[in-house]
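Please open the structure in a viewer and keep the selection tool at hand.

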Amino acid sequence: MDTGRDEDMQPTRDPQATLSELVDALLNKGVYLDLDLVITVADIPLIGISLRAAIAGMETMLEYGMMNGWDERTRAWVRDSVARQVLLRPDEDVVAGMAGGYYWQDPSSSAATWRQGRIYLTTERLIVCRREPPEVLWQAALGAVSGLELRTEPSVGGAIRTRLLVRTDDGAAALLSAAEPARLKDLVRNRLDGTGQIAAGAPAFGSSQAGDGAEEPDTLLFKGDLWYQEIRATGPVWRGGTGRYDVQEGFTWQDPRDRRPAIRLQPDEITAAGIESAGTDEARLPAGISSILILGTAEGTIRLASARAEQWAMLLRGVSRAGRRDTGVPEVDDAES
Amino acid sequence: MTDSPGLYVYAVIPGSLPALALGTGIDDVPLKLVAAGGGPAAVVHEHRRAPYSGADDDVQRWILEHSNVVERCWEQAGTVLPMSFNVIVAPGDGMPASARLAQWLAASGPALAGRLDALRERVELRVEISLDQQLAAGDDPEVAALREEMQHRPAGVQRLLRKRLDGMERGIAERLAGRLYPQYRRRLATLSEDLAENRHAHQPPASVSVLNIALLVPRSAVTAIGGELSAIAAEEQAAQIRFLGPWPPYSFADVPELNPG
């Protein structure tokens, strides 16, 4: 890389400039001691309100109803934080939570209005509550829920919104708004069906995406587990993730912990797609994977591993430039210069 | 926590250190070392209260004071495993906190020592690359046309068009960010020993994040990362780059052997 050494960027350590990152690092990173062995940890529950936003990832888990996959400490934190708004009964556990609201109709007049807050699904109830000041806006015991229905209607602003209509066995019906109405319906439905274990044991890794098959676009042709060999200063490292081939997006690979796909190739950027046997040095590959998918691109060769490497190779060769013109990887042509 | 104090833990350091000037910790409390044999030692203070809790400003100050201790240990010991904020060892099982902590240090000694060794002379750098959405969309003919049109419209219409313009610019910047991410990640990865994405990143206004990542690099490689970032800044006019560090390896302190499964 030819950049003037004098102009190289220098990192800054100024605590004022780095405070938010430092707070993030000390709240979310660093070593936790093993809970069972030694410790009383109070990492999250008692910190200031806006800093709590730093744990947005946890909110996402909650939205997907993945509480079951959490350790007891995290669940205890969620219980504590919910308990500030709603009094939970002993043995009542939070299953899922998301932003939402309740369409409140004033019984004494015809006035009606949306009251926004958070929706919690617990092991016993469906609750809409408000944080400040804490107030339960609406609730129903799960045992009393007799019907769940998604409804679309224009919002005040004119956009089409999906709402969840909850019928209860006293003949009443409540209209709820939710960040993810369809998912909320499924979560409540699963609870009512007694399955309850919506994402029990699901690995934190990847399951938030995987849980949402219904939302995959029609343009997605092929998707599967794929390991990508990233080249580090210390050598190659295999990373787990998901490969997708979408007619619009092209071929992508993403580790769900990453913000964006680390591979993004349109068909005409793939110059070759072939298979190699995994060498004995591929010790860190998951067991049972014997073939490596090799993709040629203008910027170099990409190595991916999958139990379905052959299928990936066929697909990508078919759509790629190589497949259409039947040329191989372009060789670096330095002999003729 | 009643009569017998808990121990607030700042960091684990190699035990075989010459007299370490520990100094003071949060709220100027004196620090001490808890060690088990010759293995790694924990830097702690005696804590008789509940975990730290309070207004954001207080929490931020405590976190800075915590990080100052970690920094000091890091400078003197050359390697450190920073603890998260508010990790407190409580007395229990009929043992004082110091005995429980020492027991844990003894049991985890080899794993901790291995990790401390691996992190020696390594630093954490934080890199945040985002795109100024207006610059990213600057050359787009549709955006240019819309901007032009806006000039001649009444204020109310302008407001609506500005919203549309913002959406268009954001969309263009998003697509560009998607194309740039693989390349930037690959370039930084070849210079780094480990990488960790920051998922709680805040977002500068009117910009789209490309990548927000912590890098583990040997101290000697900081210049190379700076060079790569300078090159990126020169290539992409819409790029906004924040480059922080060198820090103790907060994002890489995890000891997988201690948390099986």
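**Charges over rings**

Begin with A:Arg115, whose charged end sits over the ring of A:Trp104, 5.5 Å from the ring centre. A charge counts as sitting over a ring if NZ of Lys or CZ of Arg is within 6 Å of the ring centre and within 35 degrees of the ring normal. Next select B:Arg219: its charged end sits over the ring of B:Trp74, 4.9 Å from the centre.

This is a predicted model, in which local features need pLDDT of at least 70 and side-chain atom pairs count only at pLDDT 80 or more, while totals for chains, interfaces and linings use all residues. Residues are numbered from 1 along each chain as its sequence is written, chains are lettered from A and ligands numbered from 1 in the order in which they are written, and side-chain values use heavy atoms, leaving out hydrogens and water.

**Aromatic pairs**

Over all chains, the whole structure holds seven aromatic pairs (rings of Phe, Tyr and Trp, the last by its six-membered ring, with centres within 6.5 Å; planes under 30 degrees apart are stacked, over 60 edge-to-face, the rest tilted). Select A:Tyr103 and A:Trp114, a tilted pair at 4.9 Å centre to centre with 50° between the planes. Moving to chain B, select B:Trp247 and B:Tyr250, an edge-to-face pair at 5.9 Å and 85°. B:Trp247 is buried at 2% relative accessible area (buried means under 20%, exposed over 50%, partly exposed in between, with a 1.4 Å probe and protein chains only). B:Tyr250 is also buried, at 1%.

Finally, select A:Phe222, A:Phe251 and A:Trp312, which form one aromatic cluster.
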